[in-house]
Amino acid sequence: MFEHTVPASWFPRCAIFDCDGVLLDSETAWNRVQRELFNRWNIPFSDDLEEQLTGLSAHQVAETLARLSYTGDPNNTQEYAQHQHNTLTELARIEADIINAGVDLVPGAQEFLSYLGEHMPVAVASNSTAGILDTKMHTYGYAPLVRTWVSCDDVPHGKPAPDIYREAARRLGFAGPDALSIEDSPAGAQAARDAGTKVLIYVPHGDFAAVPRGFGHFDTFTDPQLWRTARDWVARLEDSAVKASTTLMAES
């Protein structure tokens, strides 16, 4: 089911997709690994904590895990920094193992992204580290379909800060309000909203009662209404380009 509140007069000039949970079905596996890792450190991993961490960068997850698991001298900043570094290294290794073991593509996501990419510049904006995101983009066939991708290493702050989306729009030659974005997590939705994009929330299990705030939501990339809306946006984008070209020729 696709519903949206995007203004009728608006259409995107570029599109920005989250990666995990939107393009790749890796969010569930990553959350399971987080739970196992917290349990390894004897830290209770409640449903509330899982919800808080969903969509955050590996750096942010590592900071939380390091803070909760550190048993050394609280005044020894060097020792704590090393503990935090070791935690991040372990998380990065585990995430790489997940990606290398293979994850599924979200059904219909690659086709939808590819369609938009034929008509407007497209980017991926992910809280993954640079190396992991590069691997995902090349391994799963997304690299040739987009203009650029932005990781949490490319900006001062990862999601839920808006930096990643602002940088992605900038690389595409536009500002946030010109962009359509696709997200699935509360942290990602906040980042996309605060960057000014029109964010649609992918809700694969149809739990619309708990959907993050955005400009619409859908439960499958194959929804006919989603595609009709996308085709309408593309038609208006192309019509706008023709009018702009005609005006420019007339003025010259």
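This is a predicted model: local features need pLDDT of at least 70, side-chain atom pairs count only at pLDDT 80 or more; totals for chains, interfaces and linings use all residues.

Trainee: Is Lys 159 buried or exposed?

Mentor: Lys 159 counts as buried, because its relative accessibility is 2% and the cut-off for buried is under 20%.

Trainee: And where is the place of Lys 159 in the chain?

Mentor: Lys 159 sits in the loop between strand S4, residues 148–150, and helix H7.

Trainee: Let us turn to helix H8. Which of its residues are buried?

Mentor: Helix H8 spans residues 186–194, and its buried residues are Ala 187, Gly 188, Ala 189, Ala 191 and Ala 192.

Trainee: What covers those buried residues of H8?

Mentor: The cover includes helix H7 (163–172), together with strands S5 (179–183) and S6 (198–202). Just after H8, Gly 196 takes a positive phi of about 90°.

Trainee: A new topic: Tyr 80. Which helix does it lie in?

Mentor: Tyr 80 belongs to helix H4, which covers residues 77–101. With a relative accessibility of 24%, Tyr 80 counts as partly exposed.

Trainee: Which residues does Tyr 80 touch, leaving aside those up to four places away in sequence?

Mentor: Tyr 80 touches Glu 63, Ala 66, Arg 67 and Tyr 70. For Arg 67 there is a further detail: the side chain of Tyr 80 reaches the backbone nitrogen of Arg 67 at 3.4 Å.

Trainee: Now the whole chain, please. How many helices and strands are there?

Mentor: The chain has 9 helices and 7 strands. Its radius of gyration is 20 Å, close to the 18 Å from the globule rule for 252 residues, so the chain is as compact as a globular protein of that length.

Trainee: What percentage of the residues count as buried?

Mentor: Of the 252 residues, 51% count as buried. The chain exposes about 12,000 Å², and carbon and sulfur atoms supply 51% of that area.

Trainee: What about contacts between residues that are at least 24 apart?

Mentor: Among contacts between residues at least 6 apart in sequence, 66% join residues at least 24 apart.

Trainee: Finally, how many positive and negative charges does the chain have?

Mentor: There are 19 positive and 35 negative charges, and their mean positions are 5 Å apart.

Terms used
Residues are numbered from 1 along each chain as its sequence is written. Side-chain values use heavy atoms; hydrogens and water are left out. Helices (H or I, at least four residues) and strands (E, at least two) are DSSP runs, numbered from the N terminus. The radius of gyration is taken over C-alpha atoms; the globule rule is 2.2 Å times the number of residues to the power 0.38. Buried means under 20% relative accessible area, exposed over 50%, partly exposed in between (1.4 Å probe, protein chains only). Contact means heavy atoms within 4.5 Å. Accessible areas come from the Shrake-Rupley method with a 1.4 Å probe; for residues, only the protein chains shown count as cover. Lys and Arg count as positive and Asp and Glu as negative; His and the chain ends are not counted. The place of a charge is taken as NZ of Lys, CZ of Arg, CG of Asp or CD of Glu. A polar contact is a pair of N or O atoms within 3.5 Å; within protein, one must be able to donate a hydrogen and the other to accept it, and residues adjacent in sequence count only if both atoms are side-chain atoms.
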